[in-house]
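Q: I have not looked at this one before. Can you walk me through it?

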Amino acid sequence: MSVEREKDKSKVHKLSLKGSSKLVAEFFQYSINTILFQRGVYPAEDFTAVKKYGLTMLVSSDDQVKAYIKKIMSQLDKWMIGGKISKLVVVITSKDTGEHVERWQFDVQIFNKSSSKKSSKKTVDKENATPSDSPEPPPEKTEAEIQSEIQSIFRQITASVTFLPQLDGDCTFNVLVYADADSEVPMEWGDSDAKEIKNGEKVQLRSFSTSNHKVDTLVSYRLAD
């Protein structure tokens, strides 16, 4: 990892689309792990501490969870670079009632999607129907500024335990990815409903952006009875 970092120093102000896509996909990977840890979906002893974004992050060491996240990430990387993703959602469901109790939504905006000539990927060419009033990219940022924004989101996710109702009983989780209709979808990925929270409260958390992407974070939760 450190080797790639060194090479990227020269382009610190202009993250390439590929670099930005990788950064967003990596952010999702750590977000899923952080939510599972902070919300107690799996026991604390199933997590290992790693350094990332200048923070101590906790990642699952459970083989099944690792395999599930790895499968998601390998597909997510391809879809991100192809500009195919509009949102990623982590849904926490009660095993006892089958009810969705918490829903973490990450909305992805892609800037300059229609004028992306640099990518040779054919999938991007189909995006040319994007309206011309696509959002303006934010001003150029350094890697340190982007990292600072990401740190703020993870601090908020950690702090969210102060207002989110405690999860009762055993819970499980699912990851939903909203991909464009023309995306190639692997066999093991099935269609799903939105798994919305009925009559839930919503809290908007912080966002972060690069010159290519903006990610907004929102958590919905069921009010305790």
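Q: Where is Leu164 found?
A: Leu164 sits in the loop between α5 and β5. Keep in mind that this is a predicted model.

Q: Is Leu164 buried or exposed?
A: Leu164 is buried, because its relative accessible area is 5%, and the cut-off for buried is under 20%.

Q: What is Leu164 in contact with?
A: Leaving aside neighbours within four places in sequence, Leu164 is in contact with Arg39, Glu102, Trp104, Val219 and Tyr221.

Q: And how are Leu164 and Val203 placed, along the chain and between C-alpha atoms?
A: Leu164 and Val203 are 39 residues apart along the chain, and 9.8 Å separates their C-alpha atoms.

Q: Let me step back. How many helices and strands are there in the protein chain?
A: The protein chain has five helices and seven strands. From the N terminus on, the order is α-α-β-β-α-β-β-α-α-β-β-β.

Q: How much of the protein chain is buried?
A: Of the 225 residues in the protein chain, 42% are buried. The accessible surface comes to about 12,400 Å², and carbon and sulfur atoms hold 50% of that.

Q: What share of the contacts is between residues 24 or more positions apart?
A: Among contacts in the protein chain with a separation of 6 or more, 72% are between residues 24 or more positions apart.

Q: Now the sheet. Which strands form it, and in what order?
A: Five strands make an open sheet, ordered β5-β3-β4-β7-β6, with antiparallel pairing. β5 (171–179) and β6 stand at the edges with a single partner strand each, so one side of each has no neighbour in the sheet. From one strand to the next, the twist averages 15 degrees.

Q: What about β3, how many of its residues are buried?
A: Nine of the ten residues of β3 are buried, so the rest of the structure largely encloses this strand.

Q: How many bridges does β3 have to β4, and how many to β5?
A: Strand β3 (residues 85–94) pairs with β4 over seven bridges, in the antiparallel sense. Nine bridges join β3 to β5, and these two also run antiparallel.

Q: Which residues stand opposite Lys87?
A: In β4, Lys87 stands opposite Asp107. In β5, the bridge partner of Lys87 is Tyr178. As for Leu88, its bridge partner in β4 is Phe106.

Q: And what is between the strands in the hairpin of β3 and β4?
A: Five residues lie between the strands of that hairpin, where Gly98 takes a positive phi near 75 degrees.

Q: Are they buried or exposed?
A: Lys195 counts as buried, because its relative accessibility is 15%. Asn199 counts as exposed, because its relative accessibility is 75%.

Q: Changing topic to helices. What does α2 lie across?
A: Helix α2 lies across β3, β4, β5, β6 and β7, and runs at about 20 degrees to β7.

Q: And α5? What does α5 lie across?
A: Helix α5 lies across β4, β6 and β7, running at about 160 degrees to β6.

Q: How many residues does α5 have, and how far does it reach?
A: α5 has 17 residues and reaches 24 Å from its first C-alpha to its last, close to the 24 Å expected at 1.5 Å a residue.

Q: Which residues of α5 are buried?
A: The buried residues in α5 are Ile146, Ile150, Gln151, Ile153, Phe154 and Ile157. They cover an arc of only 165 degrees around the axis, so they are on the same side of α5.

Q: Why would residues three or four places apart point the same way?
A: Because an α-helix has 3.6 residues a turn.

Q: What do the buried residues of α5 pack against?
A: They pack against α2 (17–38), β2 (55–60), β4 (100–110), β6 (201–209) and β7 (213–221).

Q: Last one: what does Gln151 touch?
A: Not counting residues up to four places away in sequence, Gln151 touches Tyr53, Gly54 and Leu55. Gln151 is in helix α5 (residues 143–159) and counts as buried because its relative accessible area is 15%.

Methods
Residues are numbered from 1 along each chain as its sequence is written. This is a predicted model: local features need pLDDT of at least 70, side-chain atom pairs count only at pLDDT 80 or more; totals for chains, interfaces and linings use all residues. Side-chain values use heavy atoms; hydrogens and water are left out. Helices (H or I, at least four residues) and strands (E, at least two) are DSSP runs, numbered from the N terminus. Buried means under 20% relative accessible area, exposed over 50%, partly exposed in between (1.4 Å probe, protein chains only). Contact means heavy atoms within 4.5 Å. The expected span of a helix is 1.5 Å times one less than its number of residues. The arc is that of the directions from the helix axis to the C-beta atoms. Two strands pair if DSSP finds at least two bridges between them. Axes are lines fitted to C-alpha atoms, for helices over the stretch in contact, and angles run from 0 to 180 degrees between N-to-C directions. Accessible areas come from the Shrake-Rupley method with a 1.4 Å probe; for residues, only the protein chains shown count as cover.
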